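Please look over the sequence and the fold shown here before reading on.

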Amino acid sequence: MITRTSPAARATGPLAARTTGPLARRTAVLLAAAALLLTGCAGAVAVGDTAADSLPGRATDRPSGSATARPGTAPKTTTTTGTAPREIPGLGPRTRAAVPAGSGQVVVVTGDGGDSPDSTVVVYQRTGDDAGWKAGARWPAHNALKGWTGHHTAGDLRSPAGVYGLTDAGGLRPDPGTRLPYHHSRGFVSPGTGFEGESLAGSFDYVIAVDYNRVPGTSPLDWTRPLGARRGGGIWLHVDHGGPTQGCVGLSERHMKELLLTLDPDRRPVVVMGDAARLAR
């Protein structure tokens, strides 16, 4: 997660304005690396961004629908028989009530336990006749080192449990073909190592911003924190680096690309995330 007070944030302020050329680039990268080690997930800064790295337009409030996916964009799903369940398995009444009625796509991240960094991701899509939900494949994932919390704060090393919109994406690599607004930028840097000594390189090649303490319709790199910096932010779905995160959810690169190709803003996708016991409430 990132906060307004990190060294990386200051790299884009007066220091960057006073220094130009290769020295500025090296200074900004070093500060970004320090910020990532201190703040973890989404500790990226706009290193080397120029006017060419323009932000996508703000998302509009589109009506829900059942738009047909472009050929070749849907991920492989598990084969099921019988009727699609009318309710998403594992979600209790309180959790289901938090899912917007107009949402046709729900990404469910189920943690193995309240203090566990391991989780499973399943994408559910409402059937065409709205009679139920069709499940996709089950994907292994990592969440925060200390598990989950219902009141996330900066640096608590827990992922924020809840129901959040998925409106914006981006990454160091070019847009793979997602229908979400995509911000391609060199600002998606992830230097350093994770909690288990694994390299963080490539973690932000593809990201999807979780609309926790952020302004929907902006780049995942946007620093605005409506709840204040103390409540953290910069919570993303991103490429798994092989270990626990600071607060984000990590999926394999292949599954991240499949997710990006599946999500459709016309269907108002949301993520439902938390440990299994919490989601069952």
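Which residues line the second largest cavity? In this predicted model, the lining is made up of Val210, Tyr212, Arg214, Pro220, Asp222, Arg225, Gly234, Ile235 and Trp236. Five of the lining residues are nonpolar, one is polar and three are charged. The volume of this cavity is about 40 Å³, and the structure holds two cavities of 30 Å³ or more.

Two of the lining residues, Tyr212 and Trp236, lead on to the aromatic pairs. A pair of aromatic rings is described by the distance of the centres and the angle of the planes. The model has three aromatic pairs. One of them joins Tyr164 and Tyr212 edge-to-face, with 5.8 Å from centre to centre and 85 degrees between the planes. Tyr164 belongs to strand β6 (residues 162–165) and Tyr212 to the loop between β9 (207–209) and β10, so this pair ties together parts that are 48 residues apart in sequence. Both partners fall under the 20% limit for a buried residue: Tyr164 counts as buried because its relative accessibility is 14%, and Tyr212 is buried because its relative accessible area is 5%.

Another pair consists of Phe188 and Trp236, and it counts as tilted because the ring centres are 5.6 Å apart and the planes stand at 55 degrees. Phe188 sits in the loop between β8 (182–184) and β9, while Trp236 sits in strand β10, so this pair also ties together parts that are 48 residues apart in sequence. Phe188 is buried, with a relative accessible area of 1%, and Trp236 counts as buried at 1% relative accessibility. Ring pairs link Phe188 and Trp236 with Phe204 into a cluster.

The loop between β9 and β10 that holds Tyr212 also holds Asn213. Most residues other than glycine have a negative phi. Asn213, which is not a glycine, has a positive phi of about 50 degrees. Its relative accessibility is 5%, so Asn213 counts as buried. Leu157 is another residue other than glycine with a positive phi, in this case near 60 degrees. Leu157 is found in the loop between β4 (148–149) and β5 (159–160), and it is buried, with a relative accessible area of 15%.

Beyond strand β10 (236–239) comes the loop that runs to β11 (249–251), and Thr245 has its place there. Is Thr245 buried or exposed? Thr245 counts as buried because its relative accessibility is 1%. What does its side chain reach? The side chain of Thr245 reaches the backbone nitrogen of Gly247 at 3.2 Å.

Helix α5 (residues 253–262) is mostly covered, with seven of its ten residues buried. The buried residues of α5 are His255, Met256, Glu258, Leu259, Leu260, Leu261 and Thr262. An α-helix has 3.6 residues a turn, so residues three or four places apart point the same way.

Of its 281 residues, 51% count as buried. Among the contacts with a separation of 6 or more, 70% are between residues 24 or more positions apart.

Terms used: Residues numbered from 1 in each chain as written. Predicted model: local features only at pLDDT ≥ 70, side-chain atom pairs only at ≥ 80, totals over all residues. Heavy atoms only, no water. 1 Å grid on protein atoms, 1.4 Å probe; cavity = no way out; pocket = protein on both sides within 12 Å on 5 of 7 lines; lining within 4 Å. Points joined across faces, edges and corners; volume = space filled by probe spheres on them. Nonpolar A, V, L, I, M, F, W, Y, C, P; charged D, E, K, R; others polar. Helix = DSSP H or I, 4+ residues; strand = E, 2+ residues; numbered from the N terminus. Buried < 20%, exposed > 50% of the residue type's maximum accessible area, 1.4 Å probe, protein only. Polar contact = N/O pair within 3.5 Å; in protein donor to acceptor, adjacent residues only side chain to side chain. Phe/Tyr/Trp six-rings, centres within 6.5 Å; stacked < 30°, edge-to-face > 60°. Contact = heavy atoms within 4.5 Å.
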